[in-house]
Amino acid sequence: MEERADWLVMVLIGLLLLIWIGYGMRNWLFKPMPARVPEMPINEEIPDHPAVDMLERAGYEVLGGKIKVPLYFDVDGEEFYSRLFIDMIVRNDENILYLVKVARSRMPMDWTGSSIRDRLLPYFLLYPGCGGVLYVDVENHEVACIHFDWDEEDAIGYDE
């Protein structure tokens, strides 16, 4: 009888171990890490700019100044280069990092979903670990905090 109890305990331990391994594999397969997520660079040279004062008054600590993110595209063997600019990196009191874009008069932000997507989505995709993007409008004395998340709407198709 004692052999049967030992055998039952070993089967239960083996079963729990298999469930644990299966759960880990399932998470690994269905929630893979992005192929390449660059570290968020910090340029320690902080410019003297009115946006710095606005951000500090809003409760953010300015960690770094302007950053140039070089991009490379290969289209059918032809090389293209471009870059994204991040105006500043800041941190809030909860130690969450935010990217900062300062409003430009020649490129005003149109506050629609498609405009926000077109102008700011590359930053969320490039640095998915950031808390959001702060859009600083110095002329209007406004700091807008934009967060990104996936919508609950059916992503594959829709019924018309």
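Strand 6 (133–137) and strand 7 (142–146) each contribute at least two residues to the lining of the largest pocket; strands (E, at least two residues) and helices (H or I, at least four) are DSSP runs numbered from the N terminus. The structure is a predicted model, in which local features need pLDDT of at least 70 and side-chain atom pairs count only at pLDDT 80 or more, whereas totals for chains, interfaces and linings use all residues. Residues are numbered from 1 along each chain as its sequence is written, and side-chain values use heavy atoms, with hydrogens and water left out.

A pocket is defined on a 1 Å grid over the protein atoms alone as an open set of points where a 1.4 Å probe fits, with protein on both sides within 12 Å along at least five of seven lines; lining residues have an atom within 4 Å of a point. The largest pocket holds about 280 Å³ of space, the volume being that filled by probe spheres set on the points, which are joined across faces, edges and corners. Its lining comprises 15 residues, with A103, R104, Y135, D137 and E139 nearest the centre. By class, 8 lining residues are nonpolar, 3 polar and 4 charged (nonpolar: Ala, Val, Leu, Ile, Met, Phe, Trp, Tyr, Cys and Pro; charged: Asp, Glu, Lys and Arg; polar: the others, Gly among them).

The model contains 5 salt bridges, each a side-chain nitrogen of Lys or Arg within 4 Å of a carboxyl oxygen of Asp or Glu. One of them joins R91 to E61 at 2.9 Å, N to O. Because R91 belongs to strand 4 (residues 88–91) and E61 to strand 1 (residues 61–64), this pair ties together parts 30 residues apart in sequence. R91 is partly exposed at 24% relative accessibility, as is E61 at 42% (buried, under 20% relative accessible area; exposed, over 50%; partly exposed, in between; 1.4 Å probe, protein chains only).

A salt bridge of 2.8 Å, N to O, links D87 and R104. D87 lies in the loop between strand 3 (78–86) and strand 4, and R104 in the loop between strand 5 (97–102) and helix 3 (113–126), so the pair connects parts 17 residues apart in sequence. D87 is buried at 6% relative accessible area, while R104 is partly exposed at 28%.

R117 and D118 also form a salt bridge, with their closest N and O atoms 2.9 Å apart. R117 is partly exposed at 45% and D118 exposed at 52%.
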